[in-house]
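Biologist: Could you take a close look at one part of this model for me? I'd like to hear about the disulfides and what surrounds them.

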Amino acid sequence: MSSDRGPLRPDNPKPWNDPRVRSVVFQILAVSAVAWVGYSLFQNTINNLASRGISTGFGFLDATAGFGIIMSLIEYDETMTYGRTFLVGLSNTLLVSGLGILFATIVGFIVGIARLSTNWLVAKVALAYIEIFRNVPLLLQIFFWYFAVLGSLPGVRNAVNVGDVAFLSNRGIVIPKPVFEAGAGWIGIAVLLALAASIALVTWARRRQAATGQIFPAFPVSLAMIAGLPTLAYFVMGQPVGWDVPTFGTFSFSGGVTAIPELGALLMALTIYTATFIAEIVRSGIVSVSSGQTEAALALGLPPRRVLRLVVIPQALRVIIPPLTSQYLNLTKNSSLAVAIGYPDLVNVFMGTSLNQTGQAVEIVAMTMSVYLAISLSISLLMNFYNRAVALKER
Amino acid sequence: MKKTIITMGLAASGLLAFAGTTQAATLQDVKDDGELRCGVSNGLPGFSQPDNDGNWAGIDVDTCRAVAAAVLGDADAVEFIPLTAAERFTALQSGEIDVLTRNTTWTTTRDTSLGLNFTGTNYYDGQGFLIKKDLGVDSAYSLDGAAICIQAGTTTELNLADFFRANDMEYEAVVFDTSEASAQGFDNNRCDVLTSDTSQLAALKTQLSDPDSAEILPEVISKEPLGPVVRQGDDEWFNVVKWVLFGQINAEEYGVTSENVDDMMDSDNPSVQRIVGTSGNMGEILGLDDDFMVDVISQVGNYGEMFERNVGPDTPLGLQRGTNALWTEGGVLYAPPFR
């Protein structure tokens, strides 16, 4: 039958009938249209800015900022530039996101596993936690921790005194700050040595186990080294670390290191909120591992903890990691709610105060968006590398 | 790379990308719309705050109403658009509002590089400090080490840093994005001191849980001339907004009030005649009706009435005229002559 109709596709179709030519043409048209829209947006904006006498460009980054910021990880004072305020905001955003991701992962894994516990109470407590904190808007949770919990701590004059060295009040926690004297460098060297030795030990132990099947307790030994070596160095060098203990001045404590309540509240809210989603992701990952795997591992005589660590979780990770990545991204982006309680993150310091002082809205918004884009892409990239490393390797 | 970033930012933020290219003729636009769009604070007693019935009230609000009365003959033909400190300039630049009256300090940067023009000053203010009485501090020079609550994105932040640096003192800046939040922080003892313009401090003090526990320190550390702002490059509109305020100040100087403005139509005083439009062509050269100030004064009042009604001694703010008195009474209000 088909032979009667001739070949399905002629050898030399007209160009407008050739699907290959058509697809190339349409793609070029689409790209040009996008580029043209982008270009006209850019030109139109530049023209509008110019015709309204609004100055443009990134020169403002070298101008003196002239305002104070409550917390900065890098050195900052009022005489520094707007470029510096950008870095201060960026480092504060990275701090709260990094800590948030760390804590949310820990809490999320624990709750996710607890949710599957055979203990009825543990499982129901985990369920209640997830259902409550997952369904309350994050902004409300931030306000709750800031105003209701941390705000109800005693005032700075009645601060909770922990052994005359640390003080807890509604202005945060202030603890002694270490002051490094001559010889303190050896403690750092000891830490590095202990870390290097631990890595070597773990590698050796793993190889030995692969070769002989004998298990060496590498973890406790490493822990002992990491704790012991620096302590040893500390006493050998004649205790070269002093402490700057906070003292009460006219208004508040001076000296020491202060963890501000804005950071605490934001971190608490981000951790607890995101951990609920991570817990559900972990649970679904574990459930996805066939129970035959667990039974087989138990049948081999592995203790239950090792079954979880060596058999179940590695397989569950394949399901867990992709959605976990998007939770990490969410947490990072949600950290911009900091502005509501005055934590000096990038949005607060740079898109808030700096934008208002300079009026360079277009440049500052563009820079801030690029930063969030870059952070998100980096997290995504790292997680994809990790995902590839733990993915099922078919041989 | 730089260009990529800009393009990306612009494409997504679209901040000014789609704003119309024609920007002059705001006066004609307002007349065509039959309504003035006015950017105000999102709640500052005495300056702009909705009352219990939802009507906006305050000296900034009245300044808007005066412009609406002059242009449209109706002081109520105003749409009030509440803005945070951080939003205000963008809203004006992009044409979302026709005039900004939001206790905004007139500074060189804002007047030049932001593409804006300040039309005058409707309140001369200065930055001060509100402090809890029980701290026993009676001078701003003893604030070394204090935690200070402050609203983000204002000149206040810069003045504060300058003041502490000049006096070799340290401080901890607790920055909130609205003035209410900063007042709440002060109320909750998150900080020892609240800093802002003294008029704002007077307003915020009334909202504390125990207003009597706090007091304003005597030092005023800056000049804060607050006034209406328009877009640069529209001289016709700039003149209208400028001369409505000047007209109100002149009206007070010549004793023209909302009570007596009708009688003043028969005045023999040439200065008064020009204000009420019975002689001269003040309205015509501004693109308005010659009796535009009659609408302003009868519906909103002269400057003095506006001050007394919103922030004066008989209001909760209880502010004295002080610097804001007429030049003839020892203050600095000195409007160019209406002629």
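Modeller: Happy to! Let me begin with one cysteine pair: Cys149(B) and Cys191(B) are both buried, where buried means under 20% relative accessible area, exposed over 50% and partly exposed in between (1.4 Å probe, protein chains only). Please keep in mind that this is a predicted model, in which local features need pLDDT of at least 70, side-chain atom pairs count only at pLDDT 80 or more, and totals for chains, interfaces and linings use all residues. Residues are numbered from 1 along each chain as its sequence is written, chains are lettered from A and ligands numbered from 1 in the order in which they are written, and side-chain values use heavy atoms, with hydrogens and water left out.

Cys149(B) and Cys191(B) are joined by a disulfide, S to S 1.9 Å; the term stands for a pair of cysteine sulfur atoms within 2.5 Å. This bond ties together distant parts of the chain, 42 residues apart: Cys149(B) belongs to strand β9 (residues 146-151) of chain B, while Cys191(B) sits in the loop between α7 (179-187) and β11 (193-197) of chain B. Helices (H or I, at least four residues) and strands (E, at least two) are DSSP runs, numbered from the N terminus. The torsion about the S-S bond of Cys149(B) and Cys191(B) is about -110 degrees, so this disulfide is left-handed.

By the same cut-off, the count over all chains is two disulfides. In the other pair, the sulfur atoms of Cys38(B) and Cys64(B) are 1.7 Å apart. Here too distant parts of the chain are linked, 26 residues apart, with Cys38(B) in strand β1 (residues 36-41) and Cys64(B) in helix α3 (residues 59-72) of chain B. Cys38(B) and Cys64(B) are both buried. Counting bonded cysteines along chain B, the pattern is 1-2, 3-4.

For the wider setting, look at the nonpolar cores, meaning sets of buried Ala, Val, Leu, Ile, Met, Phe, Trp, Tyr and Cys residues joined through side-chain atoms within 4.5 Å. The largest has 88 residues, and those with the most contacts inside it are Leu266(A), Tyr343(A), Phe350(A) and Leu194(B). Helix α7 (residues 261-288) of chain A gives the largest share of this core, 14 residues. Another core lies apart from it, with 60 residues, among them Val78(B), Val272(B), Val311(B) and Phe338(B).
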